Amino acid sequence: MDANVFTLHELGTLIRRVISLNFQDKIWVKAEIASCKVVRGTAYLDLIEKEEGNSDKVLAQQSAVIWQNSFLRLNQKLTEPVLGFLETGREVLILVQVDFNARYGLKLVIEDIDPAYTLGKMFQQRKELEKLIYLEKLNEPNKNIPLPFVLQKIAILSNEQAAGYQDFIHQLFNNSSGYSFKVDLFPISLQGNLVEETVIKQLHQIATSMEKYDVVLVLRGGGSRLDLSGFDSINICRSISTFPVKVLTGIGHEVDETLVDLVAGISLKTPTAVAEYILQHNQMFEVSLQQSVLNINELVKNKIQQSGLKLLKFQHELSLRPMRVIDRTYTKLDNIQKRLPHLIHNRIKKEEVKLTYLDRLIGLVSISNTLKRGFTITHIVPDNKPLDEEITLNTVIETIWEKGSFQSIIIEKKS
Amino acid sequence: MNTDNISYEKAYEELETIINQLESDTLSIELLAEKVSRAAFLLNLCMQKMRSIESDIQQIIGTK
């Protein structure tokens, strides 16, 4: 056999030796997690590096592994669970031993993880997304949606197995006020890459559901910062900001705040706090109802009192006014009664005066009175005709005077 | 004319007319006795009506 020909194993052994010689020390490497799979305590990973500014172009790719003992050791050492660092898309700074195996090829054996690097990167990304949220005003619309007076039909984005969800349900349904609720769970992934996809899908489901929900809740119990980072999604934020129903969040513990919390209508610290908020909200409505009942009673009482006073006043007037009218009328009638005889007497008196005057006038113009005053009456005999211009000589005339009469003959006529 | 069904207002109005005629000497002497008799009747009617109304009102207010 040609001495220049290697068997595959020989070549593998040679490569392993070359690599061992050149990579005696462990090396810090920064990379992005492309995938991670844990089998019997050992994590198998794909690491990649993408071109800066072009996330589609992969510049380098390597397989990596965290052996079971390292995995356990790291889990104890780090404040965050190791798996939290190994989610797809995470940027990590890892201490690796470059290893070549003739059968399994080149592998980076991960010995350590620098949590500060990953968390720092995340913090930076989060800061930028936060800026974007305020720039696009995604934090406003859902806050402006009013809450219904009573919250009863509730859609929940969470997971049945999640402790936070169980706490919430327990708190909500064991309320001392005896409020009842209709709760529909829309299951979502609570950590990792599926958070974004499932939340957006279920929000759509709720929006198109026949049920008109009073409020939508996003509930997740406590977890590491890496666990909660699924809720730092700008796409979820956009969905919530345009969502037509008020969204309440209770994600993590007291100190945690995700980007979703920023755009939610109301952000509360924990799922239990959300339950308390809902109960309090409903209690406020009940109290305001009771207050309204009291107010109505008071108003009605006042109204009745006022009407009573008015009636009393009317009653008083009723007892006075008709008698005044009657008194006035009596006075008028009395007046007429008194005046009537005078008026009749006057009327008759005036008529008598008129008659007396006429009588005197008639007396004045009578014949005997005229004769008494020295006047005479002359007429022609025998016809008693009055004298006229045709009278002739020798006509006999008779003259009557106060004491008697005498006859004469016309002897001369003068014109 | 000489009916008892006449209302107080009508009776009083007629009474006033007779008084006015008496005052202004427009009442015919021929009708004087008749009108004075009518006036006395109307006056009496008004008085009666008033007494009846007064007693009714006192009864109503008294029982309140």
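Predicted model: local features only at pLDDT ≥ 70, side-chain atom pairs only at ≥ 80, totals over all residues.
Which way, left-handed or right-handed, do α7(A) and α9(A) cross?

Let's start with the overall layout. Chain A has 415 residues, and 21% of them are buried. Its secondary structure runs to 12 helices and 14 strands. If you take the contacts in chain A between residues at least 6 apart in sequence, 65% of them join residues at least 24 apart. Chain B has 64 residues, of which 17% are buried. Its secondary structure is two helices and zero strands.

Now back to the opening question. Two packed helices are described by the angle between their axes and the distance between the axes. In chain A, helix α7 covers residues 194–208 and helix α9 covers residues 234–241; the two pack at about 15°, and their axes lie 9 Å apart. That angle makes α7(A) roughly parallel to α9(A), since the cut-off for that label is an angle under 35 degrees. As for handedness, α7(A) and α9(A) make a left-handed crossing.

Which residues do the meeting here? From α7(A) you have E196(A), V199(A), I200(A) and L203(A), and across from them in α9(A) sit N235(A), I236(A) and S239(A). Sorted by class, this contact between α7(A) and α9(A) holds four nonpolar, two polar and one charged residues. If you wonder about the spacing of the numbers, an α-helix has 3.6 residues a turn, so residues three or four places apart point the same way.

Is Q191(A) buried or exposed? Q191(A) counts as buried, because it has 20 C-beta neighbours inside 10 Å, and 20 or more is what the label asks for. Leaving out residues up to four places away in sequence, Q191(A) touches G223(A), D227(A) and G230(A). F231(A) is 40 residues from Q191(A) in sequence, but their C-alpha atoms are 8.1 Å apart in space.

Next, helix α4 of chain A. This one spans residues 115–135, 21 residues in total, and stretches 30 Å from its first C-alpha to its last, close to the 30 Å expected at 1.5 Å a residue. Just after α4(A) comes K137(A), with a positive phi of about 55°. Most residues other than glycine have a negative phi, which is the reason to point this one out. K137(A) sits in the loop between α4 and α5 (141–144) of chain A. K137(A) is exposed, because 10 other C-beta atoms lie within 10 Å and the label covers 12 or fewer.

Chain B has a residue of this kind too: D25(B), with a positive phi near 60°. Its place is the loop between α1 and α2 (32–63) of chain B. D25(B) counts as exposed because it has 11 C-beta neighbours inside 10 Å.

Further along chain A, T395(A) lies in the loop between β12 (385–386) and β13 (396–401). T395(A) counts as partly exposed, because its C-beta neighbours inside 10 Å number 15. Setting aside residues up to four places away in sequence, T395(A) touches I380(A) and I410(A). Between T395(A) and P382(A) there are 9.8 Å in space, C-alpha to C-alpha, and the two are 13 residues apart in sequence.

Finally, how do the chains meet? In all, 17 residues of chain A are in contact with 19 residues of chain B. The side of chain A that touches chain B comprises nine nonpolar, four polar and four charged residues.

One helix pair spans the two chains: α11 (residues 271–364) of chain A and α1 (residues 8–23) of chain B, with axes that come within 9 Å and cross at roughly 35°. The crossing of α11(A) past α1(B) is left-handed. On the α11(A) side, I336(A), R339(A), L343(A), I344(A) and R347(A) meet L15(B), I19(B), L22(B) and E23(B) in α1(B). By class, that contact has six nonpolar, no polar and three charged residues.

Terms used
Residues numbered from 1 in each chain as written. Chains lettered and ligands numbered in written order. Contact = placed C-beta atoms within 7 Å. Nonpolar A, V, L, I, M, F, W, Y, C, P; charged D, E, K, R; others polar. Axes fitted to C-alpha atoms, helices over the stretch in contact; angles between N-to-C directions. Helix = DSSP H or I, 4+ residues; strand = E, 2+ residues; numbered from the N terminus. Parallel < 35°, antiparallel > 145°, perpendicular 65-115°, else oblique. Left-handed = near helix turned anticlockwise from the far one by under 90°. Expected span 1.5 Å × (residues − 1).
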